Amino acid sequence: MVIRPTSKLLMIGDSITDCNRARPVGEAPAGGLGQGYVALVDALLTTKYPDYQIRVQNVGTSGETVRHLAARWQHDVLDLRPDFVSVLIGINDVWRQFDSPLRIESHVYLEEYELTLDTLVVQTLPHVEGMILMTPFFLELSTADPMRATMDLYGQAVKRIAQRHKTRFIDIQSAFDQLMQYVYGGTLALDRVHPSMAGHMLIADAFIEEITR
């Protein structure tokens, strides 16, 4: 497995990561990791690799974009001295362009998104053993849908960054696309963004598969 025994794994992102985690830093037990994929990752690591004793921390915050992550990166990531950092960000960067089209100050366009995320990776890699970058997603199979098409561009940016810096990369959109061949996207997330527990399990499963191959 990529993550060595007794490591600290810090997971950061937006509401998909947050999922009502404890503050200031979400940790097990007692629901501190929230009710989403982070808690499921912790559960899978605990049951499949109990001898590894991996400490998982959740610092996701609902509503955030990569711009917000950059503003708190030192305090919420580097100062916590993790061994590995997982990032899932970009949904709000895209979504605000569609649900709040006139509030352009809340929009994070592709160039800023890629530059900011790339900068965070560059800042972090010297201080950690590894990073795992995951793509944002929209639960719509039609790539002609405007929001899905835009989300795909942001996912491609994440892939470029991962390749550029040789970090681990997980294509969450692709994983959902495979599932949506059999399960209607609206049943996985009414708003096509915030997944059901099945959707969170898909993310957690994809994460475990990547770090153990």
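Two strands are taken to pair if DSSP finds at least two bridges between them. With that in mind, a friendly place to start in this predicted model is strand β3, residues 55–58. Strand β2 (residues 26–27) is joined to β3 by two bridges, and the two run antiparallel. Here E27 stands opposite Q57 of β3. Strand β1, which covers residues 8–13, also pairs with β3, this time in parallel and through four bridges. Within that pairing, L9 has V56 as its bridge partner.

The largest nonpolar core holds 66 residues, and the members that touch the most others are L9, Y37, W73, V87 and F207. Leaving aside residues up to four places away in sequence, F207 touches L9, M11, V41, S86, I132, M134 and I170.

Which residues of α6 are buried? They are M147, R148, T150, M151, D152, Y154, G155, A157, V158, I161 and A162. An α-helix has 3.6 residues a turn, so residues three or four places apart point the same way. The cover over the buried residues of α6 includes the helices α4 (91–99), α5 (110–124) and α7 (172–179), together with the strands β5 (130–134) and β6 (168–170).

Key: Residues numbered from 1 in each chain as written. Predicted model: local features only at pLDDT ≥ 70, side-chain atom pairs only at ≥ 80, totals over all residues. Heavy atoms only, no water. Buried < 20%, exposed > 50% of the residue type's maximum accessible area, 1.4 Å probe, protein only. Contact = heavy atoms within 4.5 Å. Core = buried A, V, L, I, M, F, W, Y, C linked by side-chain atoms within 4.5 Å.
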